[in-house]
Amino acid sequence: MMPVNMPLTADPNREAGHPKARARHFYKAYGLTIASQIDLPELEPSAPAPADVLITVGPIDLPKPSPQTGTAFRFEPRQQYLAWQTVGAFLITDACRIEVEPAPDVDDALLAFPLLGPVMALLLHQRGLLILHASAIAVGGKSAVFMGDKGAGKSTTASAMIGAGHRLLTDDVVALDLTEQPMIVPGFPQLKLAADAAAAFPIRQAEIRPQVHAAIDKMQHRLRGGFSSEMVPATRIYILERGEKAAITPLPNMGALPAIIKFSYVTRFGRPALVGDFATTHLRQCAALASQIGVCRLEVPTGLDRIGEAVALIENDLAADNRPR
């Protein structure tokens with residue numbers, strides 16, 4: 001992981017005495033202390049402390065998206081720029097600072113969607129972690145990572161696992177520390193669920209937050225329990241597919257590596273995001289993960305009433321894994 005050499009402080013000209021000064025909030029997520037001028041109730045609050053990541057609000061002197069394109073992305077070794085015309089612009093610098101310029105009339109709740117999704121994923125990637133677009137659950141000292149195409153049911157399966165008594169590690173952005181054995185770094189206690197999945201697998205002690213935009217169909221469920229705050233060894237990756245019955249099929253290494261690359265978060269932005277040495281590093285990380293943990297195809301029966309069959313298979317599969325940790 002990329003070290004932070006000194007405590008971060010905000011530009012005093014942006015805070016003290018500035019007419020648009022914002023309060024600074026402190027949070028914990030992904031093993032980092034985050035000081036943010038954006039309100040992020042999704043994250044766990046923390047006492048004020050030297051920050052690993054500083055999030056500030058202010059103008060960003062880079063081209064904004066046109067109405068025709070809607071987005072503008074720029075990737076450099078020390079800076080990454082992501083901008084959406086309807087939400088705002090985000091500039092990541094040195095893997096420890098995020099500057100945010102909101103679009104007109106956009107509030108913090110909507111800013112949080114890209115900020116805690118692709119923006120945070122890129123920052124963690126720059127800090128040396130391997131990032132998967134997935135959900136992860138802690139199961140008795142082991143873990144299950146769920147990957148798949150959009151609509152495959154990653155968060156739904158994670159919710160069913162929580163309902164069975166297991167604990168959420170992270171949803172949407174799965175960060176793995178490969179320094180020694182692959183370890184999943186816990187994110188924050190939130191799960192995004194469609195209404196039918198939320199009704200089928202209600203999470204105890206969860207706060208359902210108001211919908212922030214009509215185009216966002218999933219609701220945010222802020223967990224008050226059922227969250228694992230400690231790193232857990234990565235045990236198994238399940239690639240979700242629909243099937244007639246629940247089934248688990250191990251993939252050979254030659255099939256596992258392409259799957260991990262496909263569902264790694266940075267590949268969503270294409271080859272331009274792998275600037276400098278990151279392309280080589282990323283391939284090495286994906287290959288290391290594929291060689292060290294089991295990657296399986298998990299067929300999940302169609303219909304929410306049958307997802308329990310998949311949960312039972314996952315539990316049995318993990319219980320049978322006796323590899324040394």
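D94 is partly exposed, with a relative accessible area of 29%; on this scale buried means under 20% relative accessible area, exposed over 50%, and partly exposed in between (1.4 Å probe, protein chains only). You'll find D94 in the loop between β7 and β8, and its phi is positive, about 55°, although D94 is not a glycine. Strands (E, at least two residues) and helices (H or I, at least four) are DSSP runs, numbered from the N terminus.

This is a predicted model, where local features need pLDDT of at least 70, side-chain atom pairs count only at pLDDT 80 or more, and totals for chains, interfaces and linings use all residues. Residues are numbered from 1 along each chain as its sequence is written, and side-chain values use heavy atoms, with hydrogens and water left out.

**Backbone angles**

- Most residues other than glycine have a negative phi, and most peptide bonds are trans.
- Y30 is found in the loop between β1 and β2, and at 2% relative accessibility it counts as buried.
- G165 follows helix α3 and has a positive phi too, near 105°.

**The whole chain**

- The protein chain has seven helices and 19 strands.
- With 325 residues, a compact globule would have a radius of gyration near 20 Å, and the chain agrees because its own value is 20 Å. That radius is taken over C-alpha atoms, and the globule rule is 2.2 Å times the number of residues to the power 0.38.
- Along its principal axes, the C-alpha trace spans about 60 × 45 × 40 Å.
- Buried residues make up 54% of the 325 residues.
- The chain exposes about 14,800 Å², and carbon and sulfur atoms supply 54% of that. These areas come from the Shrake-Rupley method with a 1.4 Å probe; for residues, only the protein chains shown count as cover.
- Take the contacts (heavy atoms within 4.5 Å) between residues at least 6 apart in sequence: 66% of them join residues at least 24 apart.

**The nonpolar cores**

- In soluble globular proteins, nonpolar side chains tend to be buried together.
- A nonpolar core here is a set of buried Ala, Val, Leu, Ile, Met, Phe, Trp, Tyr and Cys residues joined through side-chain atoms within 4.5 Å.
- The largest core has 47 residues, and Y30, I34, L40, I55, I98 and L124 touch the most other members.
- Several elements each supply at least two residues of this core, including β1 (25-29), β2 (32-36), β4 (53-57) and α2 (108-126).
- The largest share, 12 residues, comes from α2.
- Not counting residues up to four places away in sequence, I34 touches H25, F26, Y27, A29, L43, V53, I55 and M120.
- There's also a second, separate core of 29 residues, which includes L193, I203, Y238 and L318.

- Helix α3 (residues 154-163) is mostly covered, with nine of its 10 residues buried. Among them are K154, S155, M161 and I162.
- Helix α5 (residues 253-262) has A256, A259 and I260 as its buried residues. They sit on the same side of α5 because they cover an arc of only 100° around the axis, where the arc is that of the directions from the helix axis to the C-beta atoms.
- The buried residues of α5 pack against β9 (130-139), β10 (142-147), β17 (236-243), α6 (278-292) and β19 (294-301).
- L257 also lies in α5, but at 24% relative accessibility it counts as partly exposed.
- Leaving aside its neighbours within four places in sequence, L257 is in contact with C286, A287 and A290.
- L257 and A288 are 31 residues apart in sequence and 9.0 Å apart in space, C-alpha to C-alpha.

**An exposed loop residue**

- E244 sits in the loop between β17 and β18 (247-250) and counts as exposed, at 74% relative accessibility.
- E244 touches E299, P301 and R306, not counting residues up to four places away in sequence.
- E244 and G128 are 116 residues apart in sequence and 40 Å apart in space, C-alpha to C-alpha.

**Cysteines**

- A disulfide is a covalent bond between the sulfur atoms of two cysteines. The rule used here asks for a pair of cysteine sulfur atoms within 2.5 Å, and by that rule the count is zero.
- The sulfur of C286 is 17 Å from the closest cysteine sulfur, in C296, so it is too far for a bond.
- C286 counts as buried at 0% relative accessibility, and C96 is buried as well, at 11%.
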